[in-house]
Amino acid sequence: MRVLVSDSLAEEGVRRLESGAEVDVITNLSPEELVKKIKDYDALVIRSGTKVTAEVINAADKLKVIGRAGVGIDNVDVEAATKKGIIVLNAPGGNTISAAEHTIAMMLAVSRNIPQANAALHKGEWNRKKYTGVEFYNKTLGIVGLGRVGAEVATRMKAFGMQILAYDPFVTEAKANQLGIKIAPLEEVLRNSDFITVHTPLTNETRNLIDEDEFKIMRPGVRIVNCARGGIINEAALAKAVAEGKIAGAAIDVFTKEPPTGNPLLEQEKIITTPHLGASTAEAQINVAIAVADQILAISKGGMPSTAINMPAISPETMAVMEPYMKLAEKMGSLAGQLAGKRYETLEITYAGSIAEKDTNPVTISVAKGLLSSVKGGVNFVNALGLLKEGGVKLVQSKTESANGYNNAITLKLHNDGEAISVQGTVYGNKDKRIVQLNNYRVHVPSEGNMVICMIEDKPNIIGPCCVALGESKINIGGMHVGRISEGLPQAMILSVDQAVPEETLDKIRSIPGVLSAKTVKL
Ligand code: NAD
Ligand code: MLT
């Protein structure tokens, strides 16, 4: 695997990557240079500096994974990456404490005028009155976005004797109660806080979440902190509110454009700034670099990432349980796709027995991956469901208790114009994966390898000649299953063979009297 590291990454992470991949660290690439370079790499590691646009992604012929050493992925076109089957992963927990501590440092600095007083003293000015500050004690802190960083800020600020009011539409009262925080609508938080700090991601919903109208309802003398993302607070509106004296001070670590040139926030003494330092501690940088490096190395060995943005997160413990089902499901999807050999309108999946009690989403994606891979390349765990939808296939899923007498069963049905192909499979003892039903036939065959699947009349002297035809082509039969629904009706014969069956051998089998159809599949 070739890895391009295009933003500065902790040395520990680079070394970890080098233990299993060829690594180039090339920072400060222009967008044009990145577009040219990216085609040679399987993985890209970034922080917030590199913009991974659709243009970069379209040029990335070999790219399998984009690793963001940090949390925010607003600098990555995740939709374009997903469409192309590129995994986007981040390192969510690694810099939480650093970001929370930086937020608190900024709050302290802005409440006690530390940067301004320090700068004045360095210039020889001793002015104790001018830099008088305010206490946190008995004040209200408004937190917008009560995720990882917001919650860490909250717990620490309670120790200063602050009341915490938070706005986060996705956080339950129960979680807020656990943290001893009052959840309130945004307006109430803005109206009643002495300090306001934002900790949401930057999305279409949060861009300019705090703008001119929001500043109007705030308490006079409020102090504002943004260590999340530039643009959540409208920069021009904030600069104006500070200039008008409505806001006593602001502490800003992040900007709409970084580095911020000509930004109005840099023009006022009451606005203190840092150059996106929230995650800039030795500890956080090592944490995020190692977290990303380890996942990229795992992917290079066929493993699954644990913190991907565009595919379900599967912990190693869950993976240990789900892996056999996912493998079986992929083979079953492939079998159904190869047997159908044409367009289908609906994919129906039924989970039964013990598998139905689990999170079956990764199994569903595996079915889609196997199904689509039987007819096209470039399908993977990231884009399989999107491609299925794009192809107009309706996905219907259900769960039942009864598993046809098995402990667990997965059943797929491909519907097209009233016709259906169905495949059922089960996993024995968490490792033996079997196909146990094909259309209406109960069968018992392995879920991998080459197979010849024939429908034959329920008469003597058909099975033997089929085996002879394979033997004459020097194809060894490793297993055989023959079964019928009832006497006189066609039989299904499934032969597991040790190598691919050429078309002329299949034609020979098809020409044997009593053979109704013969197909070969590779699972
Ligand atoms: P997180 O995903 O754990 O938390 C974000 C929270 O915002 C979630 O609880 C979510 O429900 C909430 N949210 C989403 N939309 C919202 C909305 N419209 N209104 C209110 N709340 C909303 O993320 P995190 O790890 O806590 O990071 C928070 C922010 O801090 C992110 O923007 C991240 O990029 C940034 N960050 C910056 C630095 C830095 O160096 N300055 C370091 C780490 C994180
Ligand atoms: C993040 O989102 O993790 C931070 O902004 C830190 C960084 O950019 O590295």
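This is a predicted model: local features need pLDDT of at least 70, side-chain atom pairs count only at pLDDT 80 or more; totals for chains, interfaces and linings use all residues.
1. C454 takes part in no disulfide, and the nearest cysteine sulfur, that of C466, is 5.1 Å away. As a reminder, a disulfide is a covalent bond between two cysteine sulfur atoms.

2. Are these two cysteines buried or exposed? C454 has a relative accessibility of 1% and therefore counts as buried. C466 comes out at 0%, so C466 is buried as well.

3. Seven strands make up an open sheet in the order 8-7-6-9-10-11-12, and their pairing is parallel. Strand 8 (182-183) and strand 12 (271-273) stand at the edges; each has a single partner strand, so one side of each is left without a neighbour in the sheet. If you are tracing the sheet on screen, helix 11 (residues 235-243) packs on it. This helix touches strand 10 (222-226), strand 11 (247-252) and strand 12, and its direction makes about 140° with that of strand 11.

4. Strand 6 (residues 140-144) and strand 7 (residues 163-167) run parallel and are joined by five bridges.

5. Now the aromatic rings. How many aromatic pairs are there? The count comes to three. For F136 and F160, the ring centres are 5.1 Å apart and the planes lie at 80°, so this pair is edge-to-face.

6. F136 has a relative accessible area of 5% and so is buried, whereas F160, at 34% relative accessibility, counts as partly exposed. Ring pairs also bring in F195, giving a cluster of F136, F160 and F195.

7. Another aromatic pair is that of Y406 and Y428, which is edge-to-face, with 6.5 Å centre to centre and 70° between the planes. It too links distant parts of the chain: Y406 sits in the loop between strand 14 (394-400) and strand 15 (408-416), and Y428 belongs to strand 16 (residues 419-428), 22 residues apart. Y406 is buried, with a relative accessible area of 17%, and Y428 is partly exposed at 31% relative accessibility.

8. There is also a charge over a ring. Which residue lies over the face of Y41? The residue is R2, at 4.6 Å from the ring centre.

9. Last, a glutamine. Q295 has its place in helix 12 (residues 282-300). With a relative accessibility of 7%, Q295 counts as buried, because the cut-off for that class is under 20%. What does Q295 contact, leaving aside its neighbours within four places in sequence? The residues in contact with Q295 are L89, N90, P305, S306 and T307.

Key
Residues are numbered from 1 along each chain as its sequence is written. Chains are lettered from A and ligands numbered from 1 in the order in which they are written. Side-chain values use heavy atoms; hydrogens and water are left out. Two strands pair if DSSP finds at least two bridges between them. Helices (H or I, at least four residues) and strands (E, at least two) are DSSP runs, numbered from the N terminus. Contact means heavy atoms within 4.5 Å. Axes are lines fitted to C-alpha atoms, for helices over the stretch in contact, and angles run from 0 to 180 degrees between N-to-C directions. Rings of Phe, Tyr and Trp (its six-membered ring) pair if their centres lie within 6.5 Å; planes under 30 degrees apart count as stacked, over 60 as edge-to-face and the rest as tilted. Buried means under 20% relative accessible area, exposed over 50%, partly exposed in between (1.4 Å probe, protein chains only). A charge sits over a ring if NZ of Lys or CZ of Arg is within 6 Å of the ring centre and within 35 degrees of the ring normal. A disulfide is a pair of cysteine sulfur atoms within 2.5 Å.
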